[in-house]
Amino acid sequence: MRHLKKDIIPPLQESRWSHIWAGFLGDKLATLSLAILVFYCLVAIFAPLLAPYNINSPNFMDLTNAEIAPSWISGDERFLLGTDDQGRDMLSVVLYGTRLSLTIGICAVLIQITLGICIGLISGYLGGRIDNFLMRCADIQLSFSTMMVAIVFLAVFQALFGMDMYQQLAMIMLILVIGLAEWPLFARTIRASVLAEKQKEYVDAARIMGISPKRIMFKHILPNTLTPVLVIFTVQISNAIVAEAALSFLGLGMPASDPSLGALISVGFNYMFSGSWWICIIPSLTLIILILVMNMLGDWLRDHLNPKTYRD
Amino acid sequence: MNLLSVNNLHVNFHIKGQDLAALIDVSFTLNRGERIAIVGESGAGKSILGFSIVNLIDKPGYIKSGSIKLQNKEITTMTPRLLQEVRGKRIAMIFQDPMMTLNPVLTIGAQLVEAIRSHTRISFKDARNIAIEKLHSVQIASPEKRFNQYPHELSGGMRQRVIIAIVLLLNPDIIIADEPTTALDVTIQAEIIQLLLDICRDNSMALLLISHDLGVVSRVAERTIVMYAGRVVEEGPTLEVINDPQHPYTQGLLNALPQMALPGQRLNQIQGNMPSLNERPTGCAFHSRCPYATDKCRQQQPDFIQSGVSSVACFMVENMITEFEQNTDEESL
Amino acid sequence: MSTPLIQISQLEKFFSTNESWLSQWRIDSGKLKRKKDSVHALNGINLTINKGETLCVVGETGCGKSTLARVIMGLTPATSGEVHYQDQRIDHLNDRQRMLFRRRMQMIFQNPYASLNPRMTVYQTLYEPISFHNPQLSTAQVDEQIQTLLESVGISASSIDDYPHEFSGGQRQRISIARALSVEPDFIIADEPLSALDVSVQAQVLNLMMDKQEERNLTYLFITHDLAVVEHFATRVAVMYLGRICELASTRVLFSAPKHPYTKALLSAIPRLDNNTTQPIRLIGEVPTQMDNPIGCVFQARCPYANQRCYTESPNMIRQTDNSSVACHAVDEGRL
């Protein structure tokens, strides 16, 4: 039937993207996932406007308000989702936490992509010794688990420069560590696609025109290798967010004064069994929904963009 | 008696909410031991016809109406189990790419032995002997050595021979060969074609050859069916179709061959392209490329008409015949 | 009349089959030795292509005809031998030095579905080479050139912003031809440009190529396996077998009086419409791979006329009375 499809499908292929978009809208789960993700992004961007309290104001922390239950339990109209152990409004803290987690996740993955694309393109296009060297580097990098590298690195950094310095630079450090630890995934994917694309005649045609290797790599080959990258992109963002949350939970992430979702869960976990469950559960749910939605989108994209499984 | 008869077959493809006709009103019959060729360009629906005969059309395609009878047994409504039997023992298929049939992780021998033992209960050793004998009969040199090799170790021509050996083992009534030599070199192609001809003659098997190569067709087939845009446009004895083509499309196809023009001169090309499934025109599908098209051609679909020993679906031929008959009538008066 | 445009002498190309450094080591009679295995894709090719002619290279899969094209274009470096364009040697040039010749030599590829970048519109595909090689042109001038070029290959200007997948195979091949012509070359290599197309479309593309040759006085190196096209289109024909040229003759001579036993078999195997009576000459066995490159004549294993000399001595190209050249001992000795 493969054979038959070839006969039938191509003349009907209008624009692949509009086709995929139509399929996407037809899938309720995927549409719902995207809607939720868009909601998260909007909330993250407009957190300073949406949050009922300004978390940077000195009055924000008020120990007299500590551990108030969500309004539907306590009836306290001031705090919709209650307050945490230091009297901070949970809603505001979670909004800012989401913003922070998403920022770290996206920035880390952007670093991964930039590195991955450059290394993958060079490795795949030039081949030979350079390819061998870069891919062995990737193997070595992959043989250490991301968490291990991050823990060791962040712990050493904390010990060397002290807590104060660390707290100031925590966000940048997290982005760098998570970003640098997982570039091989992108590099390998890009390299594999480049190897396949390089065989195609349009690359030869460009070479015959005398177009420089750099231009061929970025202008001709790269656009044709981005489909699998898009799939990994969504999955990797959720991985990066989880990694950040895990590091924060272990006390190596964002400081309690400037909490991400992971840091909030970490703090809340101490109160889990003392009755103030909402301090832990609310950021946890926020995180879980975010990760679930991103993975769903990633799966959907993988199923529908992979040329091997691509069906009409 | 007809071995296979296809009557008014319509096959549609349901794509993106559109119901597109891939085969329209296809009818033909195949007798025992007869060799028929189906000729057409890509998109004409000739492969789809091959697949629908064994009811192998997958979604989004489906057989909309019509009947396919194998010795009076209807194939379109057969149960999957009976179909399986038909596909294995009665009708065999040979594809352009032998790897569609061969399993890349099993040796040639294992696949042959499996084919033998699937319908006769004999020991491995006996099956091996039969297999080697069959490999020998399809002119594979040193079959004992090949028996233990994997498909990827063989050349394209050799793989196609192995497929033919498997087909021989199944001893079907009909072989459907879908562009069996397109991927092969000329010298190998000539050998495979000869081999196919020989086994069909020797075992009185019927052959349905699907091809775009009129040269191959003229060597193999007794009758030729020309397809265009999902329809049969001309049918007749091969020599007749090639030497005296009636339908403008058949004429164009033949005239486009390089050997039909003087060396160094322009070839006689047919303008334009075959319309794709979703842009088939009304009336005769060929009218947009036909040099003789009239308003009638643009509006109505011509019916089949007998012209000599061939049958053709074309208004121009129809007019010519009626005029000719009128003239002879007047003369006789 | 016949001025040579491209001259190829003693061109050889080996492909290493154990590229990886580690797999080159092996134990041979108790000692560890490093050995490179290689495939001989081109085995001493001598060929002259004259200005304004169409030289067809014919041969079966794996005979090295595509490698020949890639080596001439500089896509693959040659192992040894020389390629001259007019009087300049071009095979050893680096990318920058080669730039001068890029404009003069172009290529049309086999697969119209892979030879156009799927993410570039027709306009972008043509804009890039024109503006790259003519940086002095303004955008408006380039646009104008693209318009005339598309018109001349029979693609309507209204589809200028369409992507390759919106065209049929024949139309894509026209766009490929337009791209090759965009830099106004003298010499075009066409590597099986028709084999992926339908019969009626093949005629269209072949006509287009012939028109362009007349218009621009192009020289073609046309690589194909389809002898019917060769007979129609070629000025001269070179028959290749396993990395060697075994017969080189003008089209008329080759088709009326083929000499090499392989050429004879090849010609007899063309399925023709007119005479179904002649049986093709049967060659015994399959095409050997270039791995087991035989000593002596490359065709020995399948040749019905092979004798002892053919197994030990490789035949040279010998010029015949009718100006064709044949590499065959049997022809040389008058046995054939």
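Biologist: What does pLDDT do over residues 308-312 of chain A, and how many contacts beyond four places in sequence does the model have for them?

Modeller: pLDDT is the predictor's confidence in each residue, from 0 to 100, and two residues are in contact if their C-beta atoms, placed from the backbone, lie within 7 Å. Over residues 308-312 of chain A pLDDT stays under 50, and the model has six contacts beyond four places in sequence for this stretch. Residues 1-14 of chain A also stay under 50, with 22 such contacts. This is a predicted model, in which local features need pLDDT of at least 70 and side-chain atom pairs count only at pLDDT 80 or more, while totals for chains, interfaces and linings use all residues. Residues are numbered from 1 along each chain as its sequence is written, and chains are lettered from A and ligands numbered from 1 in the order in which they are written.

Biologist: At roughly what angle do the axes of helix α6 and helix α9 of chain A cross?

Modeller: Axes are lines fitted to C-alpha atoms, for helices over the stretch in contact, and angles run from 0 to 180 degrees between N-to-C directions. Those of α6 (residues 90-126) and α9 (residues 183-198) of chain A come within 7 Å and cross at roughly 35°. Among the residues that make the contact are A:I113 and A:I117 of α6(A), and A:F186 and A:V194 of α9(A).

Biologist: How many residues does each chain give where chain C touches chain B?

Modeller: Chain C and chain B give 34 residues each. On the side of chain C, α6(C) supplies the largest share, eight residues. Ala, Val, Leu, Ile, Met, Phe, Trp, Tyr, Cys and Pro count as nonpolar, Asp, Glu, Lys and Arg as charged, and the others, Gly among them, as polar; by these classes, this side has 17 nonpolar, eleven polar and six charged residues.

Biologist: And what does the contact between chain C and chain A take from each?

Modeller: That contact takes 19 residues from chain C and 14 residues from chain A. Here the side of chain C has eleven nonpolar, five polar and three charged residues.

Note on methods: Helix = DSSP H or I, 4+ residues; strand = E, 2+ residues; numbered from the N terminus.
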